[in-house]
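Take a first look at this protein.

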Amino acid sequence: MGARLTILNGPNLNFLGIREPHIYGTTTLEAVEASCRAFAPHIDATLAFHQSNHEGELVDWIQAARGSADAIIINPAGYSFTSIAIIDALKIFEGPIIELHISNIHARDALHRHSKISSVVRAVICGLGPYGYIVAMQAAAQMLDALPAALPPAMRSGPR
Ligand code: DHK
């Protein structure tokens with residue numbers, strides 16, 4: 001069975017493509033979702049994709065993912081740096097979690113440099129721009145050993 005992936009996006013990502021394009025680029029969140037949905041069948045994955053400006057709603061989706069997803073990909077946005085509630089919710093989830101940032105947060109200003117969320121996730125992807133979502137989907141499916149057998153061994157298992 002293919003991987004069931006939940007992709008969550010935090011505050012202000014609904015303004016992707018408009019907000020600070022010199023940092024986040026000009027691709028909209030709608031375009032990101034469309035690209036993720038187009039990619040999903042190529043890795044035999046199914047997808048839930050959400051965005052909220054509200055911490056509690058993100059917590060609700062993380063809790064719900066326990067029953068409906070095998071892996072979570074989360075761009076916590078501004079909550080990366082503040083949210084104990086999101087950390088606590090992610091600790092309840094038993095599958096792999098990938099934290100994703102469009103920008104390279106390590107090269108950002110002091111406010112955007114130290115994600116608290118990173119301490120409870122399996123992997124962090126940042127600085128790849130919107131393409132990071134596609135990479136994260138592939139990596140999540142790989143972590144679950146759920147990539148299609150037809151894909152090259154280097155994609156399915158990496159160097160051995
Ligand atoms: C998006 C945000 O909104 C910021 O608060 C994060 C992240 C970085 C991103 O690069 O996707 O610091």
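Accessible areas here come from the Shrake-Rupley method with a 1.4 Å probe. The model is a predicted one. The accessible surface of the protein comes to about 7,900 Å². Carbon and sulfur atoms account for 55% of that surface.

Now the overall form. The C-alpha trace spans about 40 × 35 × 30 Å along its principal axes. Six helices and five strands make up the secondary structure. Along the sequence they follow the pattern β-α-α-β-α-β-α-β-β-α-α. The radius of gyration is 15 Å, close to the 15 Å that the globule rule gives for 160 residues, so the protein is as compact as a globular protein of that length.

Next, go inside. Of the 160 residues, 44% count as buried. In soluble globular proteins, nonpolar side chains tend to be buried together. The largest nonpolar core here has 31 residues. Among the members that touch the most others are Leu5, Ile7, Tyr133 and Met137. Elements β1, α2, β2, β3, β4 and α5 each supply at least two residues of this core. Helix α5 gives the most, with six. Met137 touches residues including Leu5, Cys36, Leu47 and Ile73. A second, separate core has 17 residues, including Ala65 and Tyr79.

Which pairing of rings does a search of the whole structure find? It finds one aromatic pair. The rings of Phe49 and Tyr133 have centres 6.4 Å apart and planes at 35°, so the pair is tilted. Phe49 lies in strand β2 and Tyr133 in helix α5, so the pair ties together parts that are 84 residues apart in sequence. Both Phe49 and Tyr133 are buried.

Notes:
Residues numbered from 1 in each chain as written. Predicted model: local features only at pLDDT ≥ 70, side-chain atom pairs only at ≥ 80, totals over all residues. Heavy atoms only, no water. Phe/Tyr/Trp six-rings, centres within 6.5 Å; stacked < 30°, edge-to-face > 60°. Helix = DSSP H or I, 4+ residues; strand = E, 2+ residues; numbered from the N terminus. Buried < 20%, exposed > 50% of the residue type's maximum accessible area, 1.4 Å probe, protein only. Core = buried A, V, L, I, M, F, W, Y, C linked by side-chain atoms within 4.5 Å. Contact = heavy atoms within 4.5 Å. Rg over C-alpha atoms; globule rule 2.2 N^0.38 Å. Lists of a residue's contacts leave out its neighbours within four places in sequence.
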